[in-house]
Amino acid sequence: MLGKLTIDALPFYSGIAMGGALIVVFAVLGVVALVTWLGQWRYLWTEWLTSLDHKRIGVMYVTLALLMLVRGFIDALMMRTQQAVALNSDGYLPPGHFDQIFTSHATIMVFFVAIPFLVGLFNVVVPQQIGARRLAFPFMNSACLWLTAAGAALVMISLVIGKFSTAGWNAYPPYSEAQFNPDVGVDYWIWAVLLSAIGSMLTGINFLVTIVKRRAPGMRLMMMPLFTWATLCTNILMVFAFPSLIVAAALLGLDRYLGMHFFTDGDGGNVMNYVSLFWIWGHPDVYILILPAFGVYSEVVATFSGRRIFGYESLVYSTAAITVLSLVVWLHHFLTMGAGSDVNAFFGRAAPLIAVPTAVTIFGWLFTMYRGRVQFTVPMLFTLGFIVTFVIGGMTGALLAVVPVDIHDTTFLVAHFHNLLIPGALFGYFAGYQYWFPKAFGFRLEEKWGRRAFWAWIVGFCLAFIPLYILGFMGMPQRLNRYYDPGWQPYLIVAECGALFILCGIIFLAVQLAASIRNRAALAVPTGDPWDGRTLEWATASPPAAYNFAVVPHVHGIDPWWAMKQAGATAPRPARFHDIIMPDNSSAGVVLGAMSFVFAFAMIWQIWWLAAVGALGIFAAVLSQTFRDHAEHRIPASEVEAIESRRILAPALVSGAPT
Amino acid sequence: MAAPPRLSKMPISPRRRQSTIKGYLVGVVLALVLTAIPFGLVATRALRPIQIFVVIGIAAIAQAVVHLRYFLHLDLKPSSQNKLIALCFAGVVLFILFGGTLWIMFNLNYRKM
């Protein structure tokens, strides 16, 4: 009846695991109680959960990412604390629990923080940057959000029911096979990753089509803002890379569920095939995470230097070059596999080549700032912090590309990829969050707490990861639960202090958000253009109307909004307004997400009747949406006119950014 | 490349609707046949293993072509230049990924023999 699910699945085995489970349960109950007490279920359902408005979906994506960031960071803090105390002792975490934590930390940070964060930014910004009123496939967008949320929910519920995978975030066989890992942990990993990966692949298709097909008239490819270019390249990578991960995870699932032999040691299976398939996705994924941040930096640098971006075309070409190069270097993630020297030489040399277009990009930003009037706002601080620290990450990457060097699989590697992904991706998302927050909500984020958050993050980052570089040189392997070398402990204690600084950074971001909501009247941006922006998203109201643009603008070059302001025009106001057709809300996306959660949960615990219910539910949700013939509504011209005349138009070139 | 004009919602004429449905049905049948052949071969072991591999490979490529032709409506007419560029790029990427994987795996196999 309940498959493998018994009372033993509850975490009675450890006080710490029980504490985590209780926190999750009480947090969910608390949110449910709060919404009920406020009587906001109807509002939440009609205005947010079922919305097909890309801005709302974007805000929900970013909210998911920030919540999961807290969970992923708690995992990190627990690991740092364990390693700080585990000299010649077991520390406070048993090995199996420690392994779960490093697996869930990485899985969460990649699939449920970084991806939702960048997709959220795409949603809020890209349609407005290209002058579109909606995405190409609005329902698919909602479905992707709820698939991702279902995956995140699976990782969270694994805290309460059963255990998560101990096989690392890449779940390498043979350890992840049923023979060595008969528990449900790896199944939790497989299903969470599958749901999220399917959502990400479809999101890539959605934005790819939107950018190719729905640009404002006159906007040629070489006039698109750099964030849109970065999004386009990211989408191409998503479309080509994610299928490989889906196939790898699905074949691993077949090995585990049906006793097949794709990646087993015996019966003709090949472990390295899994590793190769995984990294065919995994390496492009690094750029899926980093390119959107590069796009944010380009926008932020241009806006806060008050100049057109330097070398627009070379930045576009380097973004495209990074996109293609990122597809030819996947073997450098397993240089120690034992391939021949010709193979290793090819992939070892291809990897540092990416430094060339990356350097072009960085020089583009530096030359934009040179002789510009740089305003040191919070997004700009994150950008500058990124440029300085990312150079170190790039250098250490070149070192890791040397095949025979003896630091693969040490904490040097851990430090290296955190050095790429914290400044290279997360700082970019934070910069984008600070930069476009007024776009989404109509008021700025408070500066003082933003600065404090930045300093806490960058100091914490350096303290946490520079010691790991040194430890890597000293030979400390990654993922170590206990160790016997007293020389390592001081460095690990410093790294622990770094994690505490980052904790402050997260708290400061929360304080900033709370303080900004409280002072929202003082921080309001009635003109909708708080930073004296250059690209089209600032031509709409902040927050934008459901249809974004009452009149779709004509574009004649890059930075069209800047050109309009220079010409003395305000937001375009036509003599006559027209009806606008927009997609209706749909509950099918939420149902699809909920049902895929039920399906995946049932598959994990092998409750076959429940899996059948979930599968039927997924099918029914998709079918009901497919057969809705009138899934759109018309906003009459009079209503559009009323909304537009309520808007305070930006006097050209008057609005200034606070410094 | 100029941004294309917005597509207006045009009612589909009965004739076009019929031809579309026919296209999809042909596609589904072909896809099913091309799926059945490899499964059948593996189940019955009618050929030698190496021959089965080759047939599976050919059926997989044909399957991809069927999907592109009948479900994504890709053709080689000059009017669909955008699609052609996308297809060429996909070809390059697939060459890199498949060719690279084969190279890596055969190299490893050779060294581990």
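Analyst: Here is a walk through the aromatic rings, then the chain contact and the confidence.

First, the ground rules: this is a predicted model, where local features need pLDDT of at least 70, side-chain atom pairs count only at pLDDT 80 or more, and totals for chains, interfaces and linings use all residues. Residues are numbered from 1 along each chain as its sequence is written, chains are lettered from A and ligands numbered from 1 in the order in which they are written, and side-chain values use heavy atoms, with hydrogens and water left out.

Over all chains there are 56 aromatic pairs; rings of Phe, Tyr and Trp (its six-membered ring) pair if their centres lie within 6.5 Å, and planes under 30 degrees apart count as stacked, over 60 as edge-to-face and the rest as tilted. Take A:Phe278 and A:Trp279: their centres are 5.2 Å apart with 85° between the planes, an edge-to-face pair. Both A:Phe278 and A:Trp279 are buried (under 20% relative accessible area; exposed is over 50%, partly exposed in between, with a 1.4 Å probe and protein chains only). They also belong to one aromatic cluster, whose members include A:Trp169, A:Tyr172, A:Phe262 and A:Trp281.

Now for a pair across chains. A:Phe346 and B:Trp103 have ring centres 5.7 Å apart and planes at 75°, so this one is edge-to-face. A:Phe346 comes from helix H10 (residues 341-353) of chain A, and B:Trp103 from helix H3 (residues 81-112) of chain B; helices are DSSP runs (H or I, at least four residues), numbered from the N terminus. A:Phe346 has 42% relative accessibility, so it counts as partly exposed, and B:Trp103, at 34%, is partly exposed too.

A:Phe240, A:Leu327 and A:Trp330 supply 21% of what chain A buries against chain B, more than any other three residues.

Two rings in chain A also carry a charge: A:Arg56 sits over A:Trp48, 4.7 Å from the ring centre, and A:Arg534 lies over A:Trp562 at 4.4 Å. The test is CZ of Arg or NZ of Lys within 6 Å of the ring centre and within 35 degrees of the ring normal.

Residues 651-659 of chain A fall below 50.

Notes:
Helix = DSSP H or I, 4+ residues; strand = E, 2+ residues; numbered from the N terminus. pLDDT = per-residue confidence, 0-100. Contact = heavy atoms within 4.5 Å. Buried area = accessible area lost by both parts, 1.4 Å probe.
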